[in-house]
Amino acid sequence: MNPYEQYMKELAQQMRAELTENGFKSLETSEDVSNYMNNVNEEDTTFVVINSTCGCAAGLARPAAVAVAEQNDKKPTNKITVFAGQDKEATQTMRDYIQQVPSSPSYALFKGTELKHFIPREHIEGRDIQDICMDIKDAFDENC
């Protein structure tokens, strides 16, 4: 691993921990994602955060995801994350399930393996965190 890759891996660990320390399961390989999606209960809801190192992930996406997933009355059954730019194969496999324009950070909400809601980067970046939280809350209230 070259010095840049090592630096980014160390930086990403803190960003990953912001989610995993708040109940999100990190799926780091393509096999992890496939195993999860192939074994999810069709009645369960899964909130997916496609994490990234960009500023809008740090300032908006991760804090909004954690806040709503912890505080909303209606919550998804499961919370998972993949890390764009770090876990490339896992992220691509998840994007294959999402079937939207690749976007990170972003959120997806599934019921079983059916995508119910998707919030791309352009609906996160540059917006007020309260508005992002309301978008997530609305998706949870409608689907969880």
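The crossing of helices α1 and α3 is left-handed, a term used when the near helix is turned anticlockwise from the far one by less than a right angle. Helices here are DSSP runs of H or I with at least four residues and strands are E runs of at least two, numbered from the N terminus. The contact, meaning heavy atoms within 4.5 Å, involves Met15, Glu18 and Leu19 of α1 and Arg62, Pro63 and Val66 of α3. Four of these residues are nonpolar, two are charged and none is polar; Ala, Val, Leu, Ile, Met, Phe, Trp, Tyr, Cys and Pro count as nonpolar, Asp, Glu, Lys and Arg as charged, and the others, Gly among them, as polar. The axes of α1 (residues 3-20) and α3 (residues 55-71) come within 9 Å and cross at roughly 20 degrees. Axes are lines fitted to C-alpha atoms, for helices over the stretch in contact, with angles from 0 to 180 degrees between N-to-C directions.

The model is predicted: local features need pLDDT of at least 70 and side-chain atom pairs pLDDT 80 or more, while totals for chains, interfaces and linings use all residues. Numbering starts from 1 along each chain as its sequence is written, and side-chain values use heavy atoms, without hydrogens and water.

Ser30, Val33, Ser34, Met37 and Asn38 of α2 meet Glu89, Ala90, Thr93, Met94 and Tyr97 of α4. This contact has five nonpolar, four polar and one charged residue.

The largest pocket holds about 250 Å³ of space. On a 1 Å grid over the protein atoms alone, a pocket is an open set of points with protein on both sides within 12 Å along at least five of seven lines, a cavity is a set where a 1.4 Å probe fits but cannot get out, and lining residues have an atom within 4 Å of a point. Grid points are joined across faces, edges and corners, and a volume is the space filled by probe spheres set on them. Helix α1 gives the largest share of the pocket lining, five residues. By class, that lining has two nonpolar, three polar and six charged residues.

Two cavities reach 30 Å³ or more.
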